[in-house]
Amino acid sequence: MPGPEGAAEPLIFEQSSPGRRGIELPGADVPDAAAPADCLPAAALRAAPPALPECSELQVVRHFTRLARLNFGIDTNPYPLGSCTMKYNPKVADEAAALPGFAGLHPHVPDAWAQGALELLWSLEQALCALTGMDAFSLQPAAGAHGELAGMLICGAYFRQRGDAERRRVVVPDSAHGTNPASAAMAGFDVLEIPGDARGGIDLGALRAAADGRLAALMLTNPNTLGLFEEQILEAARIVHAAGGLLYYDGANLNAIVGRARPADMGFDICHLNLHKTFSTPHGMGGPGAGPVGVRAGLACFLPGPRPAREDAPTEPRQRFRWAPGGPESIGRVRALYGNFGVLVRAYAYVLAYGGDGLRRVSGDAVLAANYLLALLRPVLPPAVDRRCMHEWVADGRALRDVGLRGVDLCKALLDRGFHAPTMYFPLIVPEALMFEPTETEPREVVEALAAAVREIVAAAAEDPDGVRRAPLGTPVGRPDEAGAARHPVLRWPG
Ligand SMILES: *Cc1c(COP(=O)(O)O)cnc(C)c1O
């Protein structure tokens, strides 16, 4: 079971006691320098120091250690949260990211002092090109959604350059992740949602109807958010390209095909990858992430810069790598610096540690684990579309109504059994959706134990649905009032 029993941990502010100190610094042996008067306007200067908590070092250590134990993480328990790819992250990648030469590097050191870091970034770009078939990548975007926005800005820049500003329409299937239509809209496009077909793929009739002179792009995830491979991808690409549009690949699910199929070969022109998902970085609830954006050759000029460049004939032998600014057609920077550099190091370490054959096995094992779980659970929790799935699958949770449960009740009961819940109520097109992604890192016994836990909850609900609906009983927080939290958020500690 995750987390200690009993009361929640008090805030560090509640543990504060005036005058208590963790560390004593010696007094300064130089005179205090007053801030120059023109440095900050008087209104922005504090009259008194901020009311920070005053605690001993031991209090602080215990506080954060206890908080860490309240956290539910992949290092303690299985985490089959579909779409998020909560796989185990090899510690060797963390070690690489923590190397002092990487972790302590100042973002503004001259290129000559950052040759190793620049070479790593350049090499990672090459690896991503090899794995996706794209011709160029920019590592700037900080997360998947940010990569989508960069990709859509590239799409807009491409049509503007062609004098084809009429193309304002981006087609998105109704199964898409919510960030897809949001990114297209933020980049100034009109979003047209199209339905899926009976096999859970894209409805080609609806795509054809939308493929006219207004079409800028089709955004597609493959496998899609139902965990199903888009069987009609080649025909979809033909339709979009024939209409003069571009194909955008949401690469969040690349871990299902990595080492086996490449987005460029499917016809995609622009893509982003979620390095924190496919290529491992401990992540969740907003970061840290990396969402590099990749393009075909003709679009490379639009990529956000600066990007690492390698000199084939360096004038200074120890300075092979340098930052190359974006050209005049570039959409520009999409961020100032690489605060997420550690995520890029981890991704590169992961790619090198596995190698081509290893990555091929990653996708194979991810798909195998998901299909095994699907087969074990089909009798109690049928899939929304009963097809061979890829790395994840979506159950139609309406079957739970027979035993008096909703999807959320099953999820809460799983927490009491030591499993993180599957993703709930996404994608929106499946009623009571429950999306399972065991990932390739879970061994067979864990997949079987998860299936057994689900079956046990369903059996318990058949006897006593109210008992199951009281779950979770073993977590620090049970069932918060979610609507209340959204309508009346308490954002400030009344201190
Ligand atoms: C996770 C995800 C995203 C968004 O990626 P972030 O890195 O969380 O911004 C987009 N699309 C799909 C299909 C995803 O699973």
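How many nonpolar, polar and charged residues are in the lining of the largest pocket? By class, that lining has 17 nonpolar, 13 polar and seven charged residues. The structure is a predicted model, in which local features need pLDDT of at least 70, side-chain atom pairs count only at pLDDT 80 or more, and totals for chains, interfaces and linings use all residues. Residues are numbered from 1 along each chain as its sequence is written, and side-chain values use heavy atoms, with hydrogens and water left out.

**Largest pocket**

- The largest pocket has a volume of about 920 Å³; a pocket is an open set of points on a 1 Å grid over the protein atoms alone, with protein on both sides within 12 Å along at least five of seven lines.
- A volume is the space filled by probe spheres set on the points, and grid points are joined across faces, edges and corners.
- The pocket is lined by 37 residues, and the closest to its centre are Leu70, Asn71, Phe72, Tyr79 and His420; lining residues have an atom within 4 Å of a point.
- H1, H2 and H12 each supply at least two residues of this lining, and H1 gives the most, with three residues.
- Helices (H or I, at least four residues) and strands (E, at least two) are DSSP runs, numbered from the N terminus.
- In the class counts, Ala, Val, Leu, Ile, Met, Phe, Trp, Tyr, Cys and Pro are nonpolar, Asp, Glu, Lys and Arg are charged, and the others, Gly among them, are polar.

**Cavities**

- The whole structure has two cavities of 30 Å³ or more; a cavity is a set of points where a 1.4 Å probe fits but cannot get out.
- The largest cavity holds about 70 Å³ of space.
- Of its 13 lining residues, Pro78, Tyr79, Pro80, Pro438 and Glu442 are the closest to its centre.
- The lining of the largest cavity has 10 nonpolar, one polar and two charged residues.
- The second largest cavity has a volume of about 50 Å³, and its lining includes Leu226, Trp393 and Arg387.

**Helix packing**

- The axes of H4 (residues 115-132) and H11 (residues 341-377) come within 10 Å and cross at roughly 45 degrees; axes are lines fitted to C-alpha atoms, for helices over the stretch in contact, and angles run from 0 to 180 degrees between N-to-C directions.
- H4 passes H11 in a left-handed crossing, meaning that the near helix is turned anticlockwise from the far one by less than a right angle; clockwise is right-handed.
- The axes of H12 (residues 407-416) and H13 (residues 444-463) come within 10 Å and cross at roughly 120 degrees, and the two helices are therefore oblique to each other.
- The crossing of H12 and H13 is right-handed.
- Leu410, Ala413 and Leu414 of H12 make the contact with Leu450, Ala453, Val454 and Ile457 of H13; contact means heavy atoms within 4.5 Å.

**Backbone**

- Most residues other than glycine have a negative phi, and most peptide bonds are trans.
- The peptide bond from Asn222 to Pro223 is cis, with omega near 0 degrees, and Pro223 lies in the loop between strand E4 (215-221) and helix H8 (233-242).
- The peptide bond from Ala471 to Pro472 is also cis, with omega near 5 degrees.
- Thr85 is not a glycine, yet has a positive phi of about 50 degrees.

Conventions. Parallel < 35°, antiparallel > 145°, perpendicular 65-115°, else oblique.
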